[in-house]
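Biologist: I'd like to learn how to read backbone angles and helix packing in a model. Can you walk me through a case?

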Amino acid sequence: MNRALKIVLPIFLVFCVLTVGGTYATWRYALTPASSASERFDFELGDFLWEGSGSLPTEDEIGQNHVSLIDQIINHPEHGLNASGSYLNDQIADRKSGGLGWRGGRDTLGSMAVTQSDELEEIFGLNAAQLDFLIKFESSTRYYLFTTGVDLGERGACSIFGTNTKAGSPTVPLGENVYPIYRTTVDYIDGTWTATTTVEGYAKSAWYEESRSNANATQIPSFDPDTFIEGKLQ
């Protein structure tokens with residue numbers, strides 16, 4: 001009997017210790033609040049992304065994740081700025097040169113354009129994202145990437161002769177401020193396009209400049225990047 005007790009007692013004690021420890025561990029876990037997805041995302045933004053990126057909306061539930069869109073525009077393996085010969089880079093080159101049949105050249109490319117919009121919407125999922133973007137070619141090594149979730153309005157139409165046949169309908173009247181707009185500076189560093197800073201601001205509502213001599217023939221609602229002002233609009 002004593003011999004049996006000597007064998008059973010240590011096993012029983014070990015079982016008790018493990019049971020209490022497991023219960024304590026479970027209780028402690030239950031009392032510790034889990035970090036939210038937004039907290040984890042903010043941590044990632046602060047550690048791995050660029051200056052000011054934490055101010056960008058990342059609201060997937062309403063389709064406005066600016067960080068995701070910016071990352072795709074820059075780093076998409078097939079279609080981004082860092083993909084040689086991508087559709088985006090080809091269209092930027094055409095806009096700079098003026099494109100087929102016209103050699104005036106522009107210093108912007110926007111998702112609201114007539115000729116590129118369908119392809120850009122499909123590539124970057126802009127309909128689902130509920131976002132528009134405008135790239136300003138500031139220099140050969142610096143682009144300004146503007147993103148906004150503001151509904152810019154409905155574009156008009158023009159004839160084959162380049163004359164307006166249907167007026168555009170901007171949500172924000174021409175000359176008034178579109179807000180908020182986020183401007184992300186994208187620099188060409190060591191052979192790679194890299195987002196460096198993001199600021200929030202506003203710019204004047206304006207027609208998008210088309211790739212034709214009559215820049216506003218279709219009347220496409222957009223904004224003038226040259227009027228961008230950093231800050232919050234009161």
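Modeller: Start with the loop between β10 and β11 (192-207), where Asp 190 is found. This is a predicted model, by the way.

Biologist: What is the phi of Asp 190?

Modeller: Phi of Asp 190 is near 50°, which is positive, and the residue is not a glycine.

Biologist: Is Asp 190 buried or exposed?

Modeller: Exposed counts as over 50% relative accessible area. Asp 190 has 80%, so it is exposed.

Biologist: Which other residue has a positive phi although it is not a glycine?

Modeller: Look at Gln 219, with a phi of about 65°. You'll find Gln 219 in the loop between β11 and β12 (221-223).

Biologist: And what about omega? Which residues does the cis peptide bond join?

Modeller: Tyr 179 and Pro 180, with omega about 0°. Pro 180 belongs to strand β10, residues 177-189.

Biologist: Now the helix. Which residues of α4 are buried?

Modeller: α4 covers residues 87-97, and its buried residues are Leu 88, Asn 89, Gln 91, Ile 92 and Arg 95. Looking down the axis of α4, you see these buried residues within an arc of 160°, so they line one face of the helix.

Biologist: Which residue follows α4?

Modeller: Gly 98, and its phi is positive too, near 115°.

Key. Residues numbered from 1 in each chain as written. Predicted model: local features only at pLDDT ≥ 70, side-chain atom pairs only at ≥ 80, totals over all residues. Heavy atoms only, no water. Buried < 20%, exposed > 50% of the residue type's maximum accessible area, 1.4 Å probe, protein only. Helix = DSSP H or I, 4+ residues; strand = E, 2+ residues; numbered from the N terminus. Arc of directions from axis to C-beta.
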